[in-house]
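Hi,

Here is the structure I promised to pass on. Have a look at it first, and then read my notes below.

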Amino acid sequence: MVTFELAIGILAACLLAGMLGWTIGLVALQARCSDAAGQIVRQLARGDDEAAQEAENRAPDGADIEVTEAPGVITVLVSVDANWGALGPVEIKGRASAPDGGR
């Protein structure tokens, strides 16, 4: 009798550990997207397009980078689709804005 409960408990613990690892991976990916957006928008606000290109190269693999320039404000959105197996696709985004530095 104990073996059945033990097997179910081990299975539940493995599933929980897998979901926890998946969640931690998504949080880390979101942090990378936000960090990349912040670096890109800082360089664009300074007017350093070459450094902004280098920062874009450090974005996560497969990331889409969208730069929006409104009067006085630059906004960068970095988004990436995370599709890790059976848990399904999740779109992760990081956004940063900065005042335009007189470009």
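A definition to begin with: a nonpolar core here is a set of buried Ala, Val, Leu, Ile, Met, Phe, Trp, Tyr and Cys residues joined through side-chain atoms within 4.5 Å, and buried means under 20% relative accessible area. Please keep in mind that this is a predicted model.

With that in hand, the largest nonpolar core has 21 residues. The members that touch the most others are I40, V41, L44, V76, V78 and I92. At least two residues of this core come from each of α1, α2, β2 (73-83) and β3 (89-99). Helix α1 supplies the largest share, ten residues.

Next, helix α2, which covers residues 49-57. Its buried residues are A51, A52 and A55. Viewed down the axis of α2, these buried residues fall within an arc of 105°, so they line one face of the helix. That buried set packs against α1. On the other side of α2, E50 and N57 are exposed.

What does I10 form together with V2 and L6? The three make a nonpolar patch on the surface, with about 310 Å² of accessible area together. I10 has a relative accessible area of 48%, so it counts as partly exposed; the cut-off for exposed is over 50%. As background, nonpolar side chains in soluble globular proteins tend to be buried together, so the patch may be worth a look when you open the model.

Best wishes

How values were computed
Residues numbered from 1 in each chain as written. Predicted model: local features only at pLDDT ≥ 70, side-chain atom pairs only at ≥ 80, totals over all residues. Heavy atoms only, no water. Patch = residues over 30% accessible without salt bridge, like charges linked within 9 Å, V, L, I, M, F, W, Y side chains within 5 Å. Areas by Shrake-Rupley, 256 points an atom, 1.4 Å probe, with all protein chains shown as cover. Salt bridge = Lys/Arg side-chain N within 4 Å of Asp/Glu carboxyl O. Buried < 20%, exposed > 50% of the residue type's maximum accessible area, 1.4 Å probe, protein only. Helix = DSSP H or I, 4+ residues; strand = E, 2+ residues; numbered from the N terminus. Arc of directions from axis to C-beta. Contact = heavy atoms within 4.5 Å.
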